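Welcome, and thanks for taking a look at this one. Please glance over the structure below, then read on for a short briefing.

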Amino acid sequence: MSPKNGDHHRSTALRRVPTPGKATLLAIGKAFPSQLIPQECLVEGYIRDTKCDDPAIKEKLERLCKTTTVKRRFTVLSREILDKYPELATEGSPTIRQRLEIANPAVVDMAADASLACINEWGRPAADITHLVYVSSSEIRLPGGDLHLATRLGLRSDVGRVMLYFLGCYGGVTGLRVAKDIAENNPGSRVLLATSETTILGFRPPSKSRPYDLVGAALFGDGAAAVVVGADPVEGKEEGFMELSYAVQEFLPGTHGVIDGRLSEEGINFRLGRDLPEKIEGNIEEFCRKLMRIGGLGDGVGFNELFWAVHPGGPAILNRLEGTLGLEEGKLDCSRKALMDYGNVSSNTIFYVMEYMREELMKKRKGEEWGLGLAFGPGITFEGVLLRSL
């Protein structure tokens, strides 16, 4: 549950003066479906639900469940859903209609819960939201989830809406970049950024011809997150905790096939290239330096002088990044904790990391002022934001 409005401000941390005109995170919230799966129970449940009788597949999934470092996940998929839609566990069944019947309402339900938690922490009425940025790779319909969410929350009919669909794991940081631009170019605006994801579209029986399905089963979870973004916090009514100083997006030419997702009658099929960690490792240092230079941090600022909010795509990526950048032990603890507690929840996960980071920074009387928020996804696309802790 999110803290009540004001609870998160009680700390020994010193307050820094907000930078006039800079987009600032004013509140954060999260939500999950009701079904929680401990990682030690996943294998038996998945094998049973998909009627898999291949011991080699079971052994491989058991091994993957340990290496992901995930301890638990939340999921929309339930025994009741599989009883109603048994074709979801049948190889080759055309089930995109059934999957969307489940996913479309589920993602808005979670996004609404996360948004309400966020607005409650913010402490101002939902009618004060001027813009809505909605991020999801888990639903398909017209009108989209942005309109359904705005209606559910009782937002104004003239709220400015932006939908960001099918960006995958970097979608949350893209949403921050878009919200930042809106907040800084529309004085007085308050942007609600909501992300929501479910793995329903990609659930299917295991197959030796699709080895990545097992990686997804061992790693990904469901959930939602929300933040309110605005410049110039209103004294006495708002208290920002993190500024979005500068944001940069970059894609690596020639890598569009490394992360491949295809929509078919059976749902979404994903394939991850084995060279993904190497591609990120080979380009991350220059990307971080570029972001720091644009933000005015000189080359003399070391990586260990920053705090790090990194989307935990998986432990291999975190390990490579830690080694390549020479980060001290503990610098990626918030990313590892988010992965352990929720799994990879695609676009949402960066906000779970940032919530943990807020807690860590407030424990310190004089914590790091500057940090980097990073996410990686199809393209290969890098999204980065230079953060300033308040």
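In what follows, buried means under 20% relative accessible area, exposed over 50%, and partly exposed in between (1.4 Å probe, protein chains only). This is a predicted model, where local features need pLDDT of at least 70 and side-chain atom pairs count only at pLDDT 80 or more, while totals for chains, interfaces and linings use all residues. Residues are numbered from 1 along each chain as its sequence is written, and side-chain values use heavy atoms, with hydrogens and water left out.

**Sheet**
- β1 (residues 23-31) and β8 (residues 242-251) are antiparallel partners over two bridges, and threonine 24 has glutamate 243 in β8 as its bridge partner.

**Positive phi values**
- Threonine 69 is not a glycine, yet its phi is positive at about 70°; this residue is partly exposed, at 35% relative accessible area.
- Lysine 51 also has a positive phi, near 55°, and is exposed with a relative accessible area of 71%.

**Cis peptide bonds**
- Leucine 142 to proline 143 is a cis peptide bond with omega near -5°.
- Another cis bond runs from glycine 379 to isoleucine 380, with omega near -20°, and isoleucine 380 sits in the loop between β12 (370-377) and β13 (381-389).

Terms used:
Two strands pair if DSSP finds at least two bridges between them. Helices (H or I, at least four residues) and strands (E, at least two) are DSSP runs, numbered from the N terminus.
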